[in-house]
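Here is a short note for a colleague opening this structure for the first time. Please keep the view beside the text and go point by point.

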Amino acid sequence: MTAPRDFKYVGTRPIRHDGVDKVTGRASYGADAAWPGMLHGFVLRSPHAHARIVSIDTGAAEAVPGVHAVITGKDLPETTATIALGEAAIDLRDIGDNVLAKTKTLYHGHAVAAVAATTIDIAREAAAAIEVVYDVLEPVTGIDRALGAGAPILHPALVTKGAAGPDAGGPTNIASRMELKRGDVDAGFAEADLVVEREFRTPMVHQGYIEPHACIARCGEDGRAVVWCTTQGPFVVRDACAAIVGLDPANVKVVPSEIGGGFGGKIVVYLEPLALALARKARRPVKIVMGRDDVFRATGPTSGSKVRVKLGAKRDGTIVAASASLWYEAGAYAGSPVGAGAMCMLAAYKVPNFFIEAYDVVVNKPKVAAYRAPGSPIAAFAVESVVDEIARELKIDPIELRLMNANAEGDRAPYGPKYGPIGLAQILEAARAHPHWRAPLGANQGRGFAVGFWFNAGMNSSATVTLNSDGSAAVVTGNPDIGGTRAAQAMMAAEELGIPVERVRSNVGDTDGSGFTDVTGGSRVCYATGMAVIRAAEDAREQLRARAATIWNVSKDAVGWENGRAIPPAGTEKASPMTVAELTAKMTQTGGPIVGRASLYAPMAGPAFGAHICDLEVDPETGRSRIVRYTAFQDVGKAVHPSYVEGQMQGGVAQGIGWALNEEYIYSADGVMENAGFLDYRMPVASDLPMIETVIVEVANPLHPYGVRGVGEVPIVPPLAAVANAMRDATGIRFTELPLSPPRVLEAIEAAAAVPVEA
Amino acid sequence: MVAIRYETPRSVSEAVRLMAADPGARVLAGGTDLLVQFRTGVRQPSAFVDIKRIPELMSIAIDAHGLRLGAATPAAVIGEHAELRRLWPGLAESVRLIGSTQIQGRGSVGGNLCNASPAADTTCALIVNRAECVIAGPNGERTVPVEAFSIAPGRTVLQPGELLVAIRVPRPAARTSDAYLRLIPRTEMDIAVAGAAASVTLDAAGLCTTARVAIGAVAPTALRVPAAEQALVGSRLDEASLKRAADAASAAARPIDDKRGTTAYRRTVAGVLTRRAAAIAAARAREQGSHP
């Protein structure tokens, strides 16, 4: 365990380094690049949710003046490659088929062809001239249909992976099944005084990042290619593009643009392989920019779900048994985050006996991608709603009930390992002590409480810290900055070097300019890449000490370091402490440039919990609700830049509230998405939300030199249940299906009024 | 290739000539609906006829007869007009509900009417205020009551070459006021799931002498609801009469079931909003009575 440390920069709130460029419009995003000779790409997409591609005739499109290249699935090789991504792996065969359908289209909006032309209007016009003959099939529009008798099968060769289930064998839409168990669940329930079982449903929802996908790519006659794109993972884009298009990864450079939000949705590729394949065929750079409708229809939202949860508790509130079944929609190809949902759902609680089964189900909807703590919010909605029911039934304060059952350091997590120091009890106590928990409620208002968990990730990170002769420094890492990480990294380098944070430039490198670094995801950047920055800065500092030793003609071990200055050993004649700037001014004479570097693999991270209090007011005549007060408590380990930590907490809450109240993918019976735009896909707008209060709790993570834990994902986990529990408190009605849109709430209020129920 | 002309007439007659000469031309006021339709390929005009440089289309005039509102006057200008807000607070509210601050700087009441969405926020408030559309065309000027202007979603009575130039609203009688309410799941940047406007006139004793009620987003066009008006006239706008008006509005609603709301939901909410709008209009009219 690291000793408490007095920080000079960590914990302060400097102005972010990338702020001025962003607010003045100078920052270059995915769609902002323009290269000489550039063509514009347009993607033709399937109007059908499920169809066999009988034929594609591109002749008429190719004949349109101004068209330089047309590609279909036949232009991309089959690949069986995979990309490692932490514990998971990205199956590039599926990704390749997803970016351009080979034999079947599997969702409304699935790409079937792409055109590159001198203008976007010509490209669009040519795409309209492509003749695709479809054999339209019945779509699988949801979990019930996917599992029902006689369901259409998306992938005839699909075999259920993992633990055998009751329905193993034969054609299936179940891509995988996993089990998680501990103790004797039947004996556990037999011991319980109260058993509550409910079934929950949530719709497919999108991350809603403000910047649509966009890229520009070129490919020379020598096979060397460059892709500029908005992405969370330039190395993933490199490897995926190379495999899907059929290039040597060594020949592909990916340059990440500034990024306008990702939330997990900008890790896999959509447009990049198409732009690259078109560019290779046309021998000209090709730029493709998605419209918002395509972002909704054809990128990676998160799963719709069905979750059944049963909890058993003793009269005193001790939870003794749990069982759960989870079915998550994967979309068109295997890979929902149902496993993560299963592993997270009981993470907060000491449950001696449990049995969880988790099904990954393919349906004719877009292939899901990561979305902020993937899988955990859906599972928390179910579990935290049932825990709320237990607290009500047993008349125990909901925070008290959770404290009674809370996991602590040394307890075994439901997903396997023993917890190190975790801040669950601390955030629960902070919530209980907060004035919000005791504040009076007005008419038609209710209060809800929920907790949430996320593992957080470590993985591969690299960093360099280059010192300039004026004593300033430049940090380069390979992580696109979606959450203020450049500012945090500059602060860490400043802390280690003892130079002002304003004197550190923090940069995102491309795949040739930075050491290999895993994606910006898993709340890992400030933690793992931050650790690489700290070590790289230490490396630079050690080199400075060596230079001071040279100047003073003493051994390096004798040189001290304090407050950004090398300190000569006592008694050294004519030597006085030297600052970083004084040392770098003599770099050339003392051995040349100084570049600190570090690469590391962080096998583990600091798991974290959040606890949220939500006050909601409902209009009983219209079912419309609004959030009137919201407070989020979170163990962040150590807040490097508290403003960004608070911003992450507020952002997660805002997305979670949207998911709870109004967001949903709406499909027609034939699988056509009906609300592919921000007008009818109702994300919250600023005026919908109160100022979200935040309480930072710091329980140091011993794996990080400053105690940092991942921050960005935890705060989206509790809101679904916190809002639903507040709605229960306000209306007396337990809602088990999201979103809590006005029509759904009013219908339930009217039904409850018709049949009196016990409040 | 798409080639589109952009015209900037300086007078109504010049605009009418341009519109009459090219059936594919579309009038561009704020463009907040038209440009979106253009970008998504719903409309492919051959020309945009920008009417914002015609002074009389960008003006607000209030005299003893009432209001003459230039059809292209931006919502933000209307929202800042103190006299208009005082005389027609419900109408002003309906204008200020449209879109965002940025949209308010562009969008106009004329555009809102010509887009002919059944959910248009200003229509109901204009109907209850007896507003008329002033239409210029190759054969001169004609007027049409607002409730007759839209004939179906996206369609109006405008003939080829015709142009909506102004909206006229008669000056309200003493102890008269109005209100407009809409239901959206969010607080802004949304389209009404249901809307309702009411205007009431009280006599010195507080009895309702005339009432107008209109509901939106619950039929192919905004509907005036005479049965709801009859429920209010002669009453003190007490709970019972407001409830009768609400029931009449719900009964008159002919909503569709779609992604924005169910039939049953829209019918119920049309009634709730009618009751609430009438109550607000009544309170405002009473307030006028107490401060003559």
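1. A term comes before the tour. Two strands count as paired if DSSP finds at least two bridges between them. Strands E11 (residues 176-183) and E12 (residues 194-202) of chain B are joined by eight bridges and run antiparallel. Leu183(B) stands opposite Ala194(B) in E12(B). Keep in mind throughout that the model is predicted.

2. Stay with E11(B). How many of its residues are buried? Eight of the eight are, so the strand is largely enclosed by the rest of the structure.

3. Now look at the open sheet of five strands in chain B. The order is E4-E5-E10-E6-E7, and the pairing is antiparallel. Strand E4 (60-63) and strand E7 (140-145) of chain B are the edges, each pairing on one side only. From one strand to the next, the twist averages 20°. Strand E6 (residues 132-137) of chain B pairs with E7(B) in the antiparallel sense over six bridges. Ala136(B) faces Glu141(B) in E7(B) across this pairing.

4. Helix H1 (residues 12-21) of chain B lies across E6 and strand E10 (163-170) of chain B. H1(B) runs at about 130° to E10(B).

5. Next, one cysteine. Cys208(B) sits in strand E13 (residues 208-216) of chain B. Is Cys208(B) buried or exposed? Cys208(B) has 24 other C-beta atoms within 10 Å, so it is buried; 20 or more is the cut-off. Leaving aside neighbours within four places in sequence, Cys208(B) is in contact with Val200(B), Leu202(B), Leu232(B), Val233(B), Gly234(B), Ser235(B) and Leu237(B). Ile60(B) is 148 residues from Cys208(B) in sequence, and their C-alpha atoms are 30 Å apart.

6. Chain A has an open sheet of six strands. Its order is E9-E10-E18-E17-E16-E11, and here the pairing is mixed. Strand E9 (161-162) and strand E11 (194-202) of chain A form the edges, each pairing on one side only. Strand E16 (residues 305-313) and strand E17 (residues 319-331) of chain A pair in the antiparallel sense over nine bridges. Lys310(A) has Ser323(A) in E17(A) as its bridge partner. Helix H11 (residues 376-394) of chain A packs on this sheet and touches E11, E16 and E17 of chain A. The direction of H11(A) makes about 145° with that of E11(A).

7. Two helix pairs in chain A deserve a look. Helix H19 (residues 642-661) and helix H20 (residues 719-731) of chain A have axes that come within 8 Å and cross at roughly 55°. That angle makes H19(A) oblique to H20(A). The crossing is right-handed. H19(A) contributes Val653(A), Gly656(A), Ile657(A), Trp659(A), Ala660(A) and Leu661(A) to the contact, and H20(A) contributes Pro719(A), Leu720(A), Val723(A) and Ala724(A).

8. The second pair is helix H15 (residues 485-497) of chain A with H16(A). Their axes come within 9 Å and cross at roughly 30°. H15(A) is therefore roughly parallel to H16(A), and the crossing is right-handed. Residues of H15(A) in this contact include Ala488(A), Met492(A) and Leu497(A), and those of H16(A) include Val533(A), Ile534(A) and Ala537(A).

9. Turn to the largest nonpolar core. Which of its 346 residues touch the most other members? They are Val115(A), Val227(A), Val723(A), Ile215(B) and Ala249(B). Helix H16 (residues 525-552) of chain A supplies the largest share, 13 residues. Residues up to four places away in sequence aside, Ala249(B) touches Ala196(B), Val213(B), Ile215(B), Val225(B), Ala228(B), Ala270(B), Gly271(B) and Thr274(B).

10. Finish with a lysine. Lys22(A) is found in helix H1 (residues 19-23) of chain A. Lys22(A) has 13 other C-beta atoms within 10 Å, so it is partly exposed. Glu258(A) is 236 residues away from Lys22(A) along the chain, yet their C-alpha atoms are separated by 9.2 Å.

Note on methods. Residues numbered from 1 in each chain as written. Chains lettered and ligands numbered in written order. Predicted model: local features only at pLDDT ≥ 70, side-chain atom pairs only at ≥ 80, totals over all residues. Helix = DSSP H or I, 4+ residues; strand = E, 2+ residues; numbered from the N terminus. Axes fitted to C-alpha atoms, helices over the stretch in contact; angles between N-to-C directions. Contact = placed C-beta atoms within 7 Å. Core = buried A, V, L, I, M, F, W, Y, C linked by C-beta atoms within 7 Å. Buried ≥ 20, exposed ≤ 12 C-beta atoms within 10 Å, placed from the backbone. Parallel < 35°, antiparallel > 145°, perpendicular 65-115°, else oblique. Left-handed = near helix turned anticlockwise from the far one by under 90°.
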